[in-house]
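Dear colleague,

Please find the structure below.

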Amino acid sequence: MLGPVAFSLSAPSLASKGLALNIFDPAIFPILTADGLTNGAVYALLSLALVLVFAVTRVIFVPQGEFVMFGTLTLASLQLGRVPGTLTLLLVLLAISTVLNVVEALRRGDGRAAGLAAGSGVALGAGVWALTTTLAAAKAPLLVQVLLTLLLVVPLGPLLYRVVFQPLRNASVLVLLIASVALHLVLVGLGLVFFGPEGSRTPAFAEGNTALGGVTLSNQSLLVILVSAVLMLALYYFFDRTLTGKALRATAVNRMGARLVGIRPTAAGSLAFTVAALIGALSGLLIGPSIAVSYDTGFLIGLKGFVGAIIGGLVSYPVAALGALLVGLIESYASFSLSQWKEVIVFTLILPVLLWRSLSSKHHDEEDE
Amino acid sequence: MTAVSPLLEVHDLHVSYGRVEAVQGVSLSVGAGQIVSVIGANGAGKSTLLGAIMGALPSRGRVEYAGRTLAHTPLESRVAAGMTLVPERRELFSSMTVEDNLRLGAYTRRREGAGDLGGVFTRFPRLEERRKQLAGTLSGGEQQMLAIGRALMARPKLLLLDEPSLGLAPLIVREILRIVAELRDAGVTVLLVEQNARAALAISDFGYVLEGGQVRLSGPAADLAHDPAVVASYLGTGK
Ligand SMILES: Nc1ncnc2c1ncn2[C@@H]1O[C@H](COP(=O)(O)OP(=O)(O)OP(=O)(O)O)[C@@H](O)[C@H]1O
Ligand SMILES: [Mg+2]
């Protein structure tokens, strides 16, 4: 999916000559490896998001890739000085969730909470609208546009949770999956409406190349690897060291236990979706300069993260991340020698891994409440 | 229940699982600073009663805690308000360490600092030795200590204990109940469900006997322990 980003050699044109190319050629192999690691790093981030969301909320989050698409295309819109359609989606979701919150508070007979929910919903919506329209028209500098993109895309996570998945929180995994697929289709459709059928790229955050031990890497792909690594370390720190991160893990391990220590499952779910949206949006920003992203690009990217997550059994973060890196590498090697078969090779090679996983994994039943 | 003001009052509580009514109009009162026991046979509805008081199960009737009626208060808010349940199944975070389990116990107190880890370790030195061990690998007795320790980290005013002696050796049972008595002396109010009726009544101020989801008998613990009906059904003649 992600095109070769790590090298500016004309490798694809070499490949297209249909020659029997040896990927182990010492001049090519390190480049392909770096390329695979670049894409794999992004898949790894996405697989972590998928594992997190599933572990905390039992939702197999098919639309994870749509956060990526919204990330790239929101920034691309801002680059053109347009107000991205993402704002409309955000405001509509904010309105629905505000209504839900107000109704819920009124049902409890808590008028003050209802007023607070209504007031904060309106204020937030107005604030985001004013900020976006102003900054979009002003063609703000790239960094400001990046921050604005995050401000527009990241809240979609908790809002989608509030509107779609929180009301379904006691439903079965299958029902949640159906909702997830439906949401994926809706978001792809909205992507088409908001951004049109053409793909867009965003400007590179870093120009030029760096030579590392005989291999020349573009600074952009170094940046992708670096940011992904930092993000993974940050996630590790969050889950391993902070009480909030531990609370998320606790909810995943034992929902009833988590409730008994006062962790609200809906708060945990909302936070998991926030992290997932943040990871998705950042991934979109990272890959935007390398490939042309269009409204339907998200699915295949998300799917590769998903393969990593499945390799990790939807429970193990390190295995999921390694699996996703593996997907990136296989894809890179395959795209060089047999580019038209790339996706076929990626998903076919995954089959034996999945088979081995399903045979070797102990079946532990889901913790029932 | 004489001069002590009640911390928990339950009026005419009903809990149903589908068409089966497991708790049928139970009323009880727990005075502040007391240990109150609920004893009864398997299936009498004891765990169901505790679950409903805690808000983990939907119920009809009235639950009053610290003078406030808890109607729409979700379980998590009851924890924040000072009620904590140690359930029959313990519900530990099995793939997390002992220390993480304890720290998470203080989740509702996170703005007031890290919680009293030292205090729990003083009470359960065994947990300090095992602080880096995964909760799921602890022995049954250690798991029960961890479950109680985790509950104490929330600094509860009212502790609901569901069969803390379940599956434990007699020596540990005595140890656990001694700690429960100590907690009461430290100001924690305890509602205790126990199969081990003799030991439970020995440390309790008041007791209720539950049968088929209804209160059959109630009275000061010392009186219940000598009540012929209780002796015959729950205390037996042995030890
Ligand atoms: N989830 C459930 N669905 C249907 N019936 C249930 C459920 N949980 C409990 N019951 C029934 O409700 C009744 C009371 O159960 P409960 O667990 O409260 O008893 P208990 O007094 O705690 O028993 P024990 O001493 O064995 O723990 C039992 O008849 C039980 O079969
Ligand atoms: Mg029970």
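The notes cover the interface between the chains and then the ligand site.

This is a predicted model, in which local features need pLDDT of at least 70 and side-chain atom pairs count only at pLDDT 80 or more, while totals for chains, interfaces and linings use all residues. Residues are numbered from 1 along each chain as its sequence is written, chains are lettered from A and ligands numbered from 1 in the order in which they are written, and side-chain values use heavy atoms, with hydrogens and water left out.

The contact (heavy atoms within 4.5 Å) takes 20 residues from chain A and 22 residues from chain B. Together the chains bury about 2000 Å², 66% of it on carbon and sulfur atoms; buried area is the accessible area (1.4 Å probe) that two parts lose on being put together, summed over both. Of the area that chain A buries against chain B, 32% comes from A:L243, A:L260 and A:V261, more than from any other three residues.

There are 2 salt bridges across this interface (a side-chain nitrogen of Lys or Arg within 4 Å of a carboxyl oxygen of Asp or Glu). B:E76 forms a salt bridge with A:R259, with the closest N and O atoms 2.5 Å apart.

Around ligand 1 there are 13 residues (a heavy atom within 4 Å), the closest being B:K46, B:S47, B:T48, B:E88 and B:Q195.

Yours sincerely
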